[in-house]
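This report goes through selected features of one protein model. Please look at the sequence and the structure before reading on.

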Amino acid sequence: MRIRGWWEGFREWWWELWPTRRSQALDLSLAVALAAVDGVFLWFATDGFWLPPVAVSLCSAVLALGLAVRRRHPVALALFAVAFGAALGAGAFSTLVILYSLGAYTASRRTVLAIAALNFAAYLLVPGPTAAKEPFLGLLVAGVTFIFSPVLLGLYMGARKQLFASLQERAERLELEQHLLAERARAEERTRIAREMHDVVANRISVMVVHAGALKAVAARDPARAAETAAVIGDMGRQALEELRQVIGVLRHGEDVLPQTSPTLADVRDLVDQSGATGLRVDLRVRGEERPMPPAVSRAVYRLVQEALTNVHKHAGDADTSVDLRLRPEAVEVEVTNAPPRAAPAHGLPSGGNGLLGLRERVTALGGVFTAGQCDGGGFRVRAHLPLPAPSSPH
């Protein structure tokens, strides 16, 4: 069991030496190739320091085999090369690769330059048999060329690799941010579409259900009023289908298919008349100068009145209701208030609880203020303040 555990630990350490299979194949091939090249080269190139050529050749091969760990342990390998090479005269081409790896895979530049300087000092203090016959200036030039050049090249390649890694990380981060922004945009679009579908389906059909109840009540005793109510239901159904078609057109083709016209105060009056036709007593008051409003504001005003009246039908039945529009130069204020219900609604319309939330989102998106809640004496009030853009001054 102990031998098996040791073997498993060695295998784990061995595979952690390389980030990929490709780098593993490269380092092992490089180590074996330079072990053979250095061994043969130093066999014939020098008589060594104090060891015979065969010993120097074998030591050089051992040093070259250390290139297998050059990525994970570049500092230890470089220090080993300094001590091993200075003491035994081992290392030739493998030393160049070790110094390059020191610059490329060591995080601290101070450590790299310190070990390179130590290697340079060892080269000057313990020169080989051939180098001892050269002048000191020649040793300096050779040391700078064969020691600092691979180190500087390694530093450059390491910095280049770090730059590419940071650029790749930044690209991945930007891609993630774009994905999150796209998800957020899709969520906002789903919310907007759900709000529009609620306005089209829930509001129109709720009033149609109320009209259908009124039609059932008067069909036998007042045929003329029944016919009038049926005509109103038909008109509202066609309006609902037209608005639903517009919403579906937006899903298919974008905002360009929306009609260029926007609701006006006349459309708001039609809403009040439609609710009044069901028996709901609605008092509409418009204060201020009537003038064209921006399309977004006029749509918000229309939806506010529409949703508020629909909620009255759902929750308050035939409670007395007032719609107050205050048209000011800087803003439009909408207030819809209903009295306490006299009896529970008989039609049993379902409520999703999203109407007021959609109104709040619509108003706040325009920079306005929205409030909704119970009145002091009972009943319910919906109030919104919608700012208007400042009129452009004439030139």
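At roughly what angle do the axes of helix α9 and helix α10 cross, and within what distance do they come? The model is predicted, and in it the axes of α9 (residues 265–277) and α10 (residues 295–316) come within 10 Å and cross at roughly 10 degrees. An angle under 35 degrees counts as roughly parallel, and α9 and α10 are therefore roughly parallel to each other. On the α9 side, the contact is made by D267, V268, L271, V272 and S275. On the α10 side, V301, Y302, V305, Q306, L309 and H313 take part. By residue type, this contact of α9 with α10 has seven nonpolar, three polar and one charged.

The table lists the pairings.

| Strands | Direction | Bridges |
|---|---|---|
| β2 (residues 321–327) and β3 | antiparallel | seven bridges |
| β3 (residues 331–338) and β5 (residues 380–387) | antiparallel | eight bridges |
| β4 (residues 369–374) and β5 | antiparallel | six bridges |

Strand β3 pairs with β2 and also with β5. A hairpin of three residues links β2 to β3, and T321 has N338 of β3 as its bridge partner. Towards β5, V334 is partnered with A384, while T337 stands opposite R381.

Is β3 largely enclosed or largely open? Buried means under 20% relative accessible area. Eight of the eight residues of β3 are buried, so the strand is largely enclosed by the rest of the structure. This holds for both faces of β3: one side carries A331, E333, E335 and T337, the other V332, V334, V336 and N338, and all of them are buried.

Strand β5 also pairs with β4. Within this pair, Q374 stands opposite F380 of β5. The two strands form a hairpin with five residues between them, and in the turn G378 has a positive phi of about 100 degrees.

How many disulfides does a search of the whole structure find? The search finds zero.

Technical notes: Residues are numbered from 1 along each chain as its sequence is written. This is a predicted model: local features need pLDDT of at least 70, side-chain atom pairs count only at pLDDT 80 or more; totals for chains, interfaces and linings use all residues. Side-chain values use heavy atoms; hydrogens and water are left out. A disulfide is a pair of cysteine sulfur atoms within 2.5 Å. Two strands pair if DSSP finds at least two bridges between them. Helices (H or I, at least four residues) and strands (E, at least two) are DSSP runs, numbered from the N terminus. Axes are lines fitted to C-alpha atoms, for helices over the stretch in contact, and angles run from 0 to 180 degrees between N-to-C directions. Angles under 35 degrees count as roughly parallel, over 145 as roughly antiparallel, 65 to 115 as roughly perpendicular and the rest as oblique. Contact means heavy atoms within 4.5 Å. Ala, Val, Leu, Ile, Met, Phe, Trp, Tyr, Cys and Pro count as nonpolar, Asp, Glu, Lys and Arg as charged, and the others, Gly among them, as polar. Buried means under 20% relative accessible area, exposed over 50%, partly exposed in between (1.4 Å probe, protein chains only).
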